[in-house]
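Colleague: I have the sequence and the model open side by side. Could you take me through it, one question at a time?

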Amino acid sequence: MARVGIQLLFAGTIFSSAFLLFLVQPLIAKQILPWFGGSAAVWSICMVFFQVVLLAGYAYSDWITRHLRVQAQATLHVGLLLASLAFLPLVVGAGWKPTGAEDPTWLILGLLFATIGLPYFLLSTTGPLVQSWVARTPWGAQVYRYFSLSNLASLLSLLCYPVLIEPRSSLWQQARGWSWGYGMFVLLCAGTTLLVARRWPESVPAPAAPSQAAAADNDEPPRWTDGLLWLVLPALASWLLLAVTNHITQNVAAVPFLWILPLSLYLFTFVLCFESDRWYRRSVFLPLAAGVLLLCAFGLQHHIGSDVRTGLPIYVGGLFVLCMFLHGETARLRPAPRYLTRFYLMLSLGGATGGVMVGLVAPHLLPAYYELGIGLMLTALAAAAVLRRRTWLRVSSVALAACCAFFLIAQIGSDRSDARHLLRNFYGALITFDVRRTDPADNVRLLSHGSIKHGEQFLAPSRRSEPTTYYGATSGVGRAMAAAPAGPRRVGLIGLGAGTLASYGRSGDVYRIYEINPQVFELADSEFTFLRDSPARIERVLGDARLALEREPPQGFDLLVVDAFSGDAVPVHLLTAQAMDVYLRHMKPDGIVAFHVTNRFLELAPVVARIAELQGLHAVLVSDDAEASKWLNPTEWVLVARDPAVLARKPLRAVASPIKTPEGARPWTDDFNNLLGVLK
């Protein structure tokens with residue numbers, strides 16, 4: 001029983017650390033997401049931070065197990081565990097809010113380090129450190145199963161957050177619950193550490209089971225080539241994870257929570273490959289990986305790779321197969337338990353390297369999302385290195401790499417031939433291109449962000465001022481413009497796009513535009529003429545709109561247009577009760593706040609209506625099927641006003657409809673929101 005109890009203690013310590021490790025990731029990202037415009041890149045930067053700190057934790061585990069006696073390890077580790085309690089509770093200070101002039105990447109990394117650095121570091125050390133202690137015990141041959149257990153805990157944590165935790169608790173409750181959980185982990189880990197120091201103070205090499213062997217003599221030091229592959233294979237798996245996530249969320253389907261699917265499969269391959277040798281079979285996964293590489297590379301320059309019905313299964317299924325190959329080959333190379341911490345160090349270094357290349361380097365070096373094609377090509381080359389002892393497999397892998405390179409070049413060539421401009425930064429990739437039609441008067445220039453269209457303009461001079469896409473005269477915002485006072489108007493725009501709404505400007509009007517991405521301003525000026533052709537005076541504010549409005553004196557808007565709801569990362573902070581308070585402070589008594597809620601996947605109108613109801617405001621929905629013009633898109637706009645008479649003016653009265661809110665629906669606040677609950 002004592003042996004079973006000790007094994008359960010080891011397992012519980014590793015499981016709890018891995019569960020908290022992945023639970024803190026969405027929790028902390030959700031706290032800071034509103035400060036950076038709801039950009040999906042926030043998650044990528046957070047992932048890079050977590051991978052780098054994980055590397056630091058693995059390096060710490062490797063160093064102390066090789067240089068310190070067990071009792072010294074215990075003293076140091078328990079001391080750090082106690083010191084980490086000073087970071088609780090897990091709340092990001094308001095002093096970290098951006099002003100709009102900083103580089104978001106470094107600001108995010110800095111605040112993460114100051115807020116969660118030491119606790120996350122210690123959570124990341126637990127897996128390899130406790131497993132190194134397990135290797136000293138009589139049952140040390142099973143040590144790699146604990147690695148599988150830790151990844152299973154991470155997977156469960158990842159799936160629990162959006163389904164069980166987020167819909168039922170506020171951010172403060174989540175932070176407090178995580179902090180209590182971390183406190184319990186500190187007690188558990190400290191107890192495990194002291195137990196090991198008392199019962200196994202000296203190194204006792206554990207026998208290795210034959211099924212766990214990575215070579216004929218498992219006690220031999222690993223070859224340098226094996227050590228290099230410990231780095232390269234996990235790096236490519238991490239690279240593909242982030243690259244596939246970018247591709248499917250930006251170019252295939254802007255679906256909330258879609259990033260969870262690739263990350264879950266990535267973790268699941270760890271669970272399978274390190275649980276035992278039975279799951280990864282070369283005879284099965286090598287041909288699958290070859291087919292997947294070709295299909296994924298081909299899809300990058302063909303419509304099957306961007307169509308939601310084919311693109312999602314191709315890239316999500318492809319990621320699973322390729323990660324099974326990469327992690328399976330990594331597991332085949334695992335060394336004897338005495339080299340365990342070095343193995344995990346190289347594995348985590350690889351994961352961090354892949355994350356840094358995609359999350360930090362690619363946005364600055366690549367004008368569009370080309371990292372997936374590069375990752376596929378490198379994976380084929382890695383296969384040639386892994387399978388180097390079989391000539392025909394090595395040659396086949398090099399041929400696959402050449403095919404991937406060909407399709408990547410085709411993708412780049414297609415972009416270059418069609419696009420006028422390709423720009424990319426922290427906030428994503430923007431592309432402008434012209435669409436030629438049979439009648440030259442119908443030719444347009446488009447601005448898109450991944451799979452989302454952000455505006456278009458007719459190229460014919462006689463039609464340049466004509467509103468297009470979501471902003472026609474019969475749309476909710478078009479009618480709100482018509483319902484505004486006859487005299488000079490002051491209009492606020494949250495989100496610029498191509499600048500289409502400036503076409504409604506008149507002499508004497510003031511249009512104050514809030515835009516977080518400087519490249520959007522750049523393209524609106526160089527590629528479109530809505531801003532410079534508008535008779536209105538244009539004022540520009542760079543940075544997150546809500547943070548800017550919180551700092552500014554009241555603007556006295558007749559109309560405030562909240563038009564930032566497109567893409568995977570819905571900026572939830574613009575849809576809360578506190579955000580509505582900010583908007584109202586800037587509105588005239590008879591002003592209208594217009595929310596653009598057109599969305600294929602989310603039912604956002606009831607969210608806005610519930611907040612309006614809570615604050616004694618009035619809200620109506622204006623749905624426009626755009627039948628009057630083939631150049632307009634069907635839209636939904638929610639209009640909110642203090643005075644119901646404003647929403648009953650002639651342009652609105654005939655088309656406005658009430659909004660039904662779900663019984664007992666909880667209003668969204670800065671502390672609570674539930675995207676899962678509004679999925680269509």
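Modeller: Gladly, and a definition comes first: buried means under 20% relative accessible area, exposed means over 50%, and partly exposed is in between, with a 1.4 Å probe and protein chains only. This is a predicted model, in which local features need pLDDT of at least 70 and side-chain atom pairs count only at pLDDT 80 or more, while totals for chains, interfaces and linings use all residues. Residues are numbered from 1 along each chain as its sequence is written, and side-chain values use heavy atoms, with hydrogens and water left out.

Colleague: Does Glu539 count as buried or exposed?

Modeller: Glu539 sits in strand β7 (residues 537-542). Helices (H or I, at least four residues) and strands (E, at least two) are DSSP runs, numbered from the N terminus. The relative accessibility of Glu539 is 16%, so Glu539 counts as buried.

Colleague: And Thr75, is that one buried or exposed?

Modeller: Thr75 belongs to helix α3 (residues 70-84). Its relative accessible area is 59%, so Thr75 is exposed.

Colleague: What distance separates the C-alpha atoms of Thr75 and Leu231?

Modeller: Along the chain, Thr75 and Leu231 are 156 residues apart.

Colleague: How many salt bridges does the count come to?

Modeller: Side chains of opposite charge can pair when their charged atoms come close. The rule used here asks for a side-chain nitrogen of Lys or Arg within 4 Å of a carboxyl oxygen of Asp or Glu. By this rule the count is 25.

Colleague: How many residues apart are Glu527 and Arg420?

Modeller: Their side chains meet in a salt bridge, at 2.7 Å from N to O. Glu527 is in the loop between α15 (518-526) and α16 (530-533), and Arg420 is in strand β1 (residues 419-425). Glu527 is buried, at 5%, whereas Arg420 is partly exposed, at 41%. The pair links distant parts of the chain, 107 residues apart.

Colleague: Which residues are linked with Arg420 and Glu527 in a network of salt bridges?

Modeller: One link in this area joins Arg436 and Asp434, at 3.5 Å from N to O. Arg436 counts as exposed, because its relative accessibility is 59%. Linked with Arg420 and Glu527 in the network are Asp434, Arg436 and Arg445.

Colleague: Which element gives the most to the lining of the largest cavity?

Modeller: On a 1 Å grid over the protein atoms alone, a cavity is a set of points where a 1.4 Å probe fits but cannot get out, and lining residues have an atom within 4 Å of a point. Grid points are joined across faces, edges and corners, and a volume is the space filled by probe spheres set on the points. The structure holds six cavities of 30 Å³ or more, and the largest has about 440 Å³ of space. Among its 29 lining residues, Leu21, Phe22, Leu54, Tyr58 and Asn151 are the closest to its centre, and the element that gives the most, with six residues, is α4.

Colleague: How many charged residues are in the lining of the largest cavity?

Modeller: Ala, Val, Leu, Ile, Met, Phe, Trp, Tyr, Cys and Pro count as nonpolar, Asp, Glu, Lys and Arg as charged, and the others, Gly among them, as polar. The lining has 18 nonpolar and eleven polar residues. The number of charged residues is none.

Colleague: How much space lies in the second largest cavity?

Modeller: Its lining includes His454, Tyr471 and Asp563. By class, that lining divides into five nonpolar, five polar and one charged. The space in this cavity is about 70 Å³.

Colleague: Which peptide bond is cis?

Modeller: Most residues other than glycine have a negative phi, and most peptide bonds are trans. Pro89 lies in the loop between α3 and α4. With omega near -5°, the cis bond runs from Leu88 to Pro89.

Colleague: What value is phi of Thr469 near?

Modeller: Thr469 is in the loop between β4 (452-458) and α14 (476-483). Thr469 is buried, with a relative accessible area of 1%. Its phi is positive in a residue other than glycine, near 50°.

Terms used
On a 1 Å grid over the protein atoms alone, a cavity is a set of points where a 1.4 Å probe fits but cannot get out, and a pocket is an open set with protein on both sides within 12 Å along at least five of seven lines; lining residues have an atom within 4 Å of a point.
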